[in-house]
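Please keep the sequence and the model in view while reading.

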Amino acid sequence: MKNVGFVVTASCDLPASMLANYKVTVLPVEVSSAQGVKVSNRTISELSQFYAEPQPVFSEKIGISRQAFIDVICDKLIYEFDHLIILAPDESFSSCLHIVREALFEFHHEIKQLRAQASIFLPFKVRVVESRQILTGYGVSLYEALRLRHEKAQNADQVKQHLDEFKTNIKTFMLPGLKHPELVRSPFRLSWLELKKLKISGKHPILYFHPDEVTIGRMIDSKDRHINFFDFLYEQLSHSKLTNHIVNISFAGSLSQLRILQGFDDFHADVKEKGGKLVHSMMSQTAASSLGNGAISVSFACEPRKAMF
């Protein structure tokens, strides 16, 4: 068994405490917007401060610095692990994958030399996994990878092969915040007229993320959107068989606010009854910038079956 480490970007929506507990390395993400460029590390303090501020402007682009990536890899990871699995958002949304692949190719020989200087002569293998998730949801893939490492002690190639199949079975449902003007942008591409009609009608969209597009899964009343959203999720779970037991929920706000939402406790009980485990975290800054304050995203993996709307 090779010693396998895991690397994710700061947009990964598992709790920071879980990432630290499983020794997952988080790559800082550079977020560019009209206000300039800043770096996000997905720490609890950083997210708490972010949600205490007024709603930020839309994040035009996210990515990572090539040099920052190499610094993280060469600082300690090449000495601690023989194999690395790097999980990143969909390439259509983030430049992370492109930069990671370029940097690994460019610094391949340097990494080999550094390991040799440390008297480590085993081959160093890196496998990159595109999560096929955009704003939220790829924490489910990471959780599955961690489960494989713990239960079956698989190497990097085996983990990647499994994840490439597993990720196609992930369902992600999003409930945008009340203010969501960025839904006219990619990857949502709802028209301004559609959003205007929603506001006039008092309806709110539940978004269903497919690997290739985002569609409206159901229209619900804005006034009772939280309980209607959790009822909708219960319907989805009742028609699904979880392929791992995690149900991942991320919230664009503090977790104390999430726990008092109407319908949350019942949904938590529904997940337990289904044999699942509800894992919740604060939504990444990039996702919240697009979905709006108060947005909720829920992801889980299930056996292939058409979504029930």
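**V247 and its surroundings**

V247 touches L237, L242, F267, V271, K277, L278, V279, V298, S299 and F300, leaving aside residues up to four places away in sequence; contact means heavy atoms within 4.5 Å. The model is predicted, so local features need pLDDT of at least 70 and side-chain atom pairs count only at pLDDT 80 or more, while totals for chains, interfaces and linings use all residues. Residues are numbered from 1 along each chain as its sequence is written, and side-chain values use heavy atoms, without hydrogens and water.

**Nonpolar cores**

- A nonpolar core is a set of buried Ala, Val, Leu, Ile, Met, Phe, Trp, Tyr and Cys residues joined through side-chain atoms within 4.5 Å, where buried means under 20% relative accessible area (1.4 Å probe, protein chains only).
- The largest core has 41 residues, of which F229, V247, F267, I296 and V298 touch the most other members.
- Helix α9 (residues 225-238) supplies the largest share of this core, five residues; helices (H or I, at least four residues) and strands (E, at least two) are DSSP runs, numbered from the N terminus.
- A second, separate core has 27 residues, including F69, L97, A103 and L104.

**The sheet**

- Four strands form an open sheet in the order β2-β1-β6-β7, with parallel pairing; two strands pair if DSSP finds at least two bridges between them.
- At the edges are β2 (25-27) and β7 (125-130), each of which pairs on one side only.
- Strands β1 (residues 4-9) and β6 (residues 83-88) pair in the parallel sense over five bridges.
- V7 has I86 in β6 as its bridge partner.

Notes:
Buried < 20%, exposed > 50% of the residue type's maximum accessible area, 1.4 Å probe, protein only.
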